[in-house]
Amino acid sequence: MDSIFAKRMESLGTETAFEVLAKAKALEKQGRDIVHLEIGEPDFDTPKNIKEAAIKAMNTGYTHYVPSAGIPELRQTIAEYISNTRNIKVAPEEVVVTPGAKPIMFFSILALVNPGDEVLYPNPGFPIYESLINFVGAKPVPVPLKEENDFSLDPEYVKEKITKKTKMIIINSPENPTGGVLSKQDLKVIADCVNDRNDVFVLADEIYSRIIYEGKHESITAFPGMKDKTILLDGFSKTYAMTGWRLGYGAMRKDLAEKIAQLMTNSNSCTSAFVQMAGVEALKGPQKEPEKMVAEFKKRREVIVSGLNSIKGITCKKPKGAFYVFPNITGTGMNCRELGDYLLNTGGVAVLPGTSFGKYGEGYLRLSFANSVDNIKKALERIEKTLKNR
Ligand code: PLP
């Protein structure tokens, strides 16, 4: 029988994290104790000043429709923030506010990429990139991230894969799932590749730009000529522990921003008004809380990396940013899916198989260390014991 679903649904992927979470929750319902290292969200509460700003906004009338591209005050605040942090000049008209940063991926691909176009993207990488490239009928061109290169893009490989059909290059730094960070040098090679091409855009996913442990975040937008070719994606979910608020944005050239705003009009109408006012407070208010969160992540990084390296069959590089480790598990003799299932069902630790992030993720697991030191230690003990008792 023919499927009732539109043909295009066949090419839409998903995020395995939500599936593993569902499996883990089902086990918890049966009374099992599970340590959750599968989910990519800070375990901290949203800072108080941000919550208070939302409540104040709600009480002062920010409960109605607002412009699709965002409230002028927030667009202005974001424009200033991006200008200051990326060393470029961004105008409020070049900013579009969305419910979470994810819609910026969807909308920029919808607005720019035609069927048959080629899109380069990191693999292992955030699974939604590949899903959306397929969804619009474009050709996904994975760029493998290798452990021996510290999970950084190989700029020479990128150079080789750029063809006449290339329409977009997606980069993500700091990277989910590997914790790799692109250096200024790497970014320069990519910028040089597209400099003479007015038909190629870079989607720079910088959602983890503030969660960085060594050095400073570098953005491709800062290279000469790159501002107009880049869609800079960022948001509030990770930096301010606001995943459930759904607040993100993109900064891009004005004509493209208008198209993205039109897609907003056609889908969400606008981002929640009082949530946007909380965003103004997040960026303009004190930054002590997000700084404290990063300091805490840094401590946890030490615990999880040294713990994993002491387990037989596992080796783990130290991530430079984000809050994930991507340990090599080939020494266990199991593939990543088998090991992920085994650790969940037998060990009570929920992790993600590396292949949830693309085919080049085989041989790895992703563990989030956005969890307490106690829980991380408990997970490490369980992993060690479960592997020993095999
Ligand atoms: N980009 C990357 C690399 C992510 O890991 C995530 C969330 O997991 C997002 C974007 C989406 O962020 P948001 O919650 O703001 O939609």
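This tour moves from the ligand to a ring pair and then to some backbone features.

This is a predicted model: local features need pLDDT of at least 70, side-chain atom pairs count only at pLDDT 80 or more, and totals for chains, interfaces and linings use all residues. Residues are numbered from 1 along each chain as its sequence is written, and side-chain values use heavy atoms, with hydrogens and water left out.

**Stop 1: the ligand**

Select the ligand. It sits in the largest pocket. A pocket here is an open set of points on a 1 Å grid over the protein atoms alone, with protein on both sides within 12 Å along at least five of seven lines. To sit in it, a molecule needs more than half of its atoms within 2 Å of its grid points.

Now show the surrounding residues, those with a heavy atom within 4 Å. There are 14, and the closest are N176, D205, Y208, K238 and R246. The shell divides into 6 nonpolar, 4 polar and 4 charged residues. Ala, Val, Leu, Ile, Met, Phe, Trp, Tyr, Cys and Pro count as nonpolar, Asp, Glu, Lys and Arg as charged, and the others, Gly among them, as polar.

Next, look at the polar contacts, pairs of N or O atoms within 3.5 Å. Pick K238: a polar side-chain atom lies 2.7 Å from a ligand oxygen. For Y208, a polar side-chain atom lies 2.8 Å from a ligand oxygen. K102 uses a backbone N or O atom, 3.0 Å from a ligand oxygen. The protein covers 93% of the 390 Å² of accessible area that the ligand has on its own (Shrake-Rupley method, 1.4 Å probe).

**Stop 2: a ring pair**

The whole structure holds 14 aromatic pairs, with ring centres within 6.5 Å. Select F151 and Y364. Their ring centres are 5.8 Å apart and their planes are at 80 degrees, so the pair is edge-to-face (over 60 degrees; under 30 is stacked, the rest tilted). F151 lies in the loop between β4 and α6, and Y364 in the loop between β11 and β12, 213 residues apart. Helices (H or I, at least four residues) and strands (E, at least two) are DSSP runs, numbered from the N terminus.

**Stop 3: the backbone**

Go to N176 again. Its peptide bond to P177 is cis, with omega near 15 degrees. P177 is in the loop between β5 and α7. The bond from N123 to P124 is also cis, with omega near 5 degrees. Finish at S269, not a glycine, with a positive phi of about 70 degrees.

Conventions
A polar contact is a pair of N or O atoms within 3.5 Å; within protein, one must be able to donate a hydrogen and the other to accept it, and residues adjacent in sequence count only if both atoms are side-chain atoms. On a 1 Å grid over the protein atoms alone, a cavity is a set of points where a 1.4 Å probe fits but cannot get out, and a pocket is an open set with protein on both sides within 12 Å along at least five of seven lines; lining residues have an atom within 4 Å of a point. Rings of Phe, Tyr and Trp (its six-membered ring) pair if their centres lie within 6.5 Å; planes under 30 degrees apart count as stacked, over 60 as edge-to-face and the rest as tilted.
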